[in-house]
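Hi everyone, thanks for coming. Let me put the structure up, and then I'll walk you through some helix packing and a chain contact.

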Amino acid sequence: MANSTSQPDATSSATIEASHARHGEHVDTIENVDIVFRKQRKLSFTYGAVFFAVTLLIPVFTVWWPWWWEVTFWGGFTANYFVVALLYFVFLWVMAWVYSYQADKLDAQLAHMDMEEQQALEIDQIRQAAAGTDEGSAT
Amino acid sequence: MNTTAIVLVAALVTITIGLSIFSQRFTRTTTDFYLAGRKVGSFTNASAISGDYLSAASFLGVAAAVYASGLDGVWYAAGFAGGFMVVVLFIASALRRFGEYTVADFAFGRFGTNRMRLVSVFCVLIVSLFYMAPQMYGAGSTWKVLVGRGFLPSNDAGLFLGVDPVYLSGVIVVAAIMMFYVAMGGMKGTTLNQVIQFWWLWLAMFLVVAFAFGNGFDYAKNLQEASDGQLVATTALTATALTTPDPKTGVTPLEKAKGVMTPEGFAEVEAAVAKNDPVAKIPVVLPAANKLHEVKLLFNAPGHRYNAFDQFSMVLALVLGTAGLPHILNRYYTNPSGKAARRSTFWVLIFIGTFYIMAPIAGLFGRLEVFKQFFAGTAPSNAAYVDGYLVKSDALMPALGQMLGGQALLGIVAAGAFAAMFSTVGGLLIASASAIGHDVYEKYINPNASQRRRVYVGKTAVIVFALLGLFLGWVIPYSDLPNVYPALIAMMVTWAFAVGASAFVPMLLTGIWWKGTTERGAITGMIVGLAGSVGIIFLNILQQVGTIGKTGVFGFLGSLTFPVLFTFPAALLTILIVSKIDGKLPDNVDQIWLRIHGTASERHEKQHGLDKVGSLLGGKK
């Protein structure tokens, strides 16, 4: 495949090289994307581990812990029925909300890194321009 | 069906068709036809995804499963909802950022070969057909229960083409409506319809539950009441089967029934047995066997449906399978950004979560109320009963509608059931059509086709797949599967989840999160997942119909009701091992990584206001 492609989105002047992706004045470098990707992967797999642990603990208790399905604590509710019919949904809502919030923050971090690099670039250009002016005035 | 119900169902169909005709004016490009212009907001998209997801199996089936099986039925609700956590954590935003049209596009873009795209298209079609089959069978069955009339002739045996003509009439009507409305409206029309259909069925469930609370429902107290004594289940057996002793215990089913039925109810069963008809199946109430623990089974305890192995494999099939359903994944491309895709999934969890909390309440309330009203002589006449229990638990929701809110609520519930069918079949048709129209026609057959031509091919593909759905709806009862699997709709839905979880999810997970995944690894893993899950499902069918025995390798594999516990890890391991051995990464892997995990495109769109959610009725004319 080619080393440079264009995004299918015709709304932006997009170029994607192996080292960076540029959409208008916004740039993602592969180094920055890799840094944020690692954090994102850690976040997703940590939440994924908690999700699967909780989800699979329910059948584990159901199979091996009689108290879980035998003892009622509120009318006919056993812990097993209460968790599967009600509490599990609250767990999903809270987890999805907190995860989305944290993932949004990582998106913002990538944007921030781009902004910092652009600022650094601008400062560099200003310094170079200033140095050029100084040299000019010195001569 | 009563007049109110007919009017409400007709109104729903009219709105559906009207919206499709209206949406057609705004469908000019393939992005409009397949992706609704990529500008569907989180709330709207979440409603449409929920409509896509909640089929008749959820609307009628979950409450019915709880009614029949208690706690094991509630597991369906929790598992169906839990599946979206896998989507939000691992797939939603990455898939959207990749910015294509279909799952096959992702596979091609990520791994870069045509064979990868074609294998993905094949998997999409297989998963969609697996999911279409129960929807069409559910359409015919629901039509039979709710409408009860057909327009097809019948022979001396009361059959048309070997099946019930009323059932087949329902399949034809639903297929025809779907064919028309999806082909006319494309994704925009389908999205608008799915939003309305979802909120209709959510409202129908809400009203049933609200009426239940209005009639004195107390969750904890009623659960205690329902769990006071052995759980019983209805079944239908021949006179011979009823009088044949169990080889282990020496007790006949008839003797067991005597222990749990009322004297009047049991007398009716005895009278039917006395006729000694070798073919007729006699409805009977039996104590429910506990498949999990060696104790008496109660309503609030596990063990009616699942043994220890199935407690795990069923949950994994549902939780992993959602992320492998192409018609659900395609909807993520309609979001304006990766962040919006995550937000949509959160709203989906709220919408379907509240729905799945209500469905078990309806099931529990029905368990008590149907019994009471049967003996009070006020139970609805539109359902069959044995000793105070519904013979077919799928009739619970319409029965509850009529008991709680009379003809009006029955009408709302009936329209809700059809809304559930329409919305899911609509999504499946779009997914199948995009696999052929976009992934095959536009990429290989005629890449230079005009937008008009491409949309035309997409519409033709919708019609072809609706006809295929019609065929599936006919062949299922013809093949006698409903007699082999008592809860066939739920079983077939779970099969579709298992195939999706095995064929797609390992490829998506590794493709998104592991740069080292190679094309050869992904393709081998998909084939292992697809072939393994489909093969085991067919072995299970062959075992159930008695073609193969229960011993040997095939016997063991055929005994696996839910194959995902084996096929998902097998596919995942295959991808990991083959990729490690292969080691041949795509040349442009860094560019791919920038597309999947970078956000420059979204920031650019945000800066220029291009990420704004557009009206579904906007677009090029």
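**Helices in chain B**

Let's start with a crossing: H8(B) passes H17(B) in a left-handed way, meaning that the near helix is turned anticlockwise from the far one by less than a right angle. Before I go on, this is a predicted model, where local features need pLDDT of at least 70, side-chain atom pairs count only at pLDDT 80 or more, and totals for chains, interfaces and linings use all residues. Residues are numbered from 1 along each chain as its sequence is written, while chains are lettered from A and ligands numbered from 1 in the order in which they are written. Helices here are DSSP runs of H or I with at least four residues, numbered from the N terminus.

Back to our pair. Helix H8 (residues 114–146) and helix H17 (residues 396–445), both of chain B, have axes that come within 9 Å and cross at roughly 155°. Those axes are lines fitted to C-alpha atoms over the stretch in contact, with angles running from 0 to 180 degrees between N-to-C directions. H8(B) is therefore roughly antiparallel to H17(B), a label for angles over 145 degrees. Their contact has 17 nonpolar, 6 polar and 3 charged residues. Nonpolar means Ala, Val, Leu, Ile, Met, Phe, Trp, Tyr, Cys and Pro; charged means Asp, Glu, Lys and Arg; the others, Gly among them, are polar.

The axes of H6(B) and H16(B) also come within 9 Å, crossing at roughly 175°. So H6(B) is roughly antiparallel to H16(B), and that contact divides into 16 nonpolar, 6 polar and 4 charged residues.

Now zoom in on B:Ala359, which lies in helix H16 of chain B. Is B:Ala359 buried or exposed? It is buried, with 30 other C-beta atoms within 10 Å; the cut-off for buried is 20 or more, with C-beta atoms placed from the backbone. Beyond its neighbours within four places in sequence, B:Ala359 is in contact with B:Val62, B:Ala63, B:Ala77 and B:Met205, where contact means C-beta atoms within 7 Å.

How about helix H20 of chain B? 15 of the 16 residues of H20(B) are buried, so the rest of the structure largely encloses it.

**Where the chains meet**

Finally, 57 residues of chain B are in contact with 58 residues of chain A. Helices including H6 (71–98) and H16 (338–376) of chain B each supply at least two residues of the side that touches chain A. By class, that side of chain B has 31 nonpolar, 17 polar and 9 charged residues.

Conventions
Contact = placed C-beta atoms within 7 Å. Parallel < 35°, antiparallel > 145°, perpendicular 65-115°, else oblique. Buried ≥ 20, exposed ≤ 12 C-beta atoms within 10 Å, placed from the backbone.
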